[in-house]
Amino acid sequence: MKIATWNLDRPWKNGRRRRADLQRERISSIGADIWVLTETWAEIQLPGYRCASTPSSLGSYDASESAVAIWVPETWGLRTLEVTTATLCAEVVPPDADSPVLVYGTIITWHGDPGAKSWVKHLEEADRQTADWVRLHGKFPSHRLIVAGDFNMTLHADRGYGHKDGRRIVRERLPLAGMVCATAIDIRDAAHGALERDNIDHICIDHRLTLVAGPFAIPGSTKEGERLSDHNGMVVEVRMKAPPP
């Protein structure tokens, strides 16, 4: 099962048609089973998939935009369980899976969220959302929990974009939610792509899932240097373990 996440940097506002076309091409080339797209647009449609998305947030997003959209193949089950303007939790049921999956798509807001001092809203959201993860882990013990989206923090080290307390909150609560971060790597390093920006988009996976490939970065620009997004996306591939007899 291939899982991918990417912040599309509001293509409705930033580049419109040309950028959206390039993003769709890149998305199609990856062939993920589960996509968690953030800051996306109604015209970003994935043929052969079905979607659940957050409502528009007045004052933050245009009516055609969504903070989070979860896409899965149209033959898979998809049911929204909980939704806010910045998070979406959906039950995903792959065919012949040993267990259903909970996918929690997120934006943990950036340091400059309007109406608050720098990093205040970010830390509040990190605390609220990670508490959600722990609660969902306890409420749905037979489900495999996956959290993906824009965390607005690096997790491979205590440097780069982010706040030390935000990283601490995430790192402390991931094991309480039965998860590990599969994308805590330095994608500026040559071994991981030598990309220009740190990865602040992340995929955290249930400890009962086995990582079989990745993480791989989705570059935020084309080989010719044309910008696709101000974020690099991330991709992992996992195998679902059968439950013990």
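Tutor: Let us begin with Pro-215, which lies in strand E11; a strand here is a DSSP run of E with at least two residues, numbered from the N terminus. The model is predicted, so local features require pLDDT of at least 70 and side-chain atom pairs pLDDT 80 or more, while totals for chains, interfaces and linings use all residues. Residues are numbered from 1 along each chain as its sequence is written, and side-chain values use heavy atoms, without hydrogens and water.

Student: What is the peptide bond from Gly-214 to Pro-215, cis or trans?

Tutor: Its omega is near 10 degrees, and the bond is cis. Most peptide bonds are trans.

Student: What makes the phi of Asp-9 worth a remark?

Tutor: The phi of Asp-9 is near 60 degrees, which is a positive value in a residue that is not glycine. Most residues other than glycine have a negative phi. Asp-9 belongs to the loop between strand E1 (2–7) and helix H1 (16–30).

Student: How do you know that strand E2 and strand E4 pair?

Tutor: Two strands pair if DSSP finds at least two bridges between them. Strand E2 (residues 34–41) and strand E4 (residues 65–73) share six bridges in the antiparallel sense, so by that definition they pair. Thr-38 has Val-68 in E4 as its bridge partner. Both strands belong to an open sheet of six strands in the order E3-E4-E2-E1-E12-E11, with mixed pairing.

Student: Why do strand E3 and strand E11 stand at the edges?

Tutor: Strand E3 (49–53) and strand E11 (209–218) each have a single partner strand, so one side of each lacks a neighbour in the sheet. Neighbouring strands of this sheet are turned by 20 degrees against each other on average, direction ignored.

Student: Which strands make up the open sheet with E5 in its order?

Tutor: It is a sheet of six strands in the order E5-E6-E7-E8-E10-E9, with mixed pairing. Its edge strands, E5 (77–83) and E9 (179–181), pair on one side only, and its twist averages 20 degrees from one strand to the next. Within it, E8 (residues 144–150) and E10 (residues 201–206) run antiparallel and are joined by five bridges; Gly-149 stands opposite His-202 in E10.

Student: What does helix H2 touch in the sheet?

Tutor: Helix H2 (residues 120–139) packs on the sheet and touches E5, E6 (87–93), E7 (101–107), E8 and E9, where contact means heavy atoms within 4.5 Å. Its direction makes about 175 degrees with that of E7, on a scale from 0 to 180 degrees between N-to-C directions of axes fitted to C-alpha atoms.

Key: Helix = DSSP H or I, 4+ residues; strand = E, 2+ residues; numbered from the N terminus.
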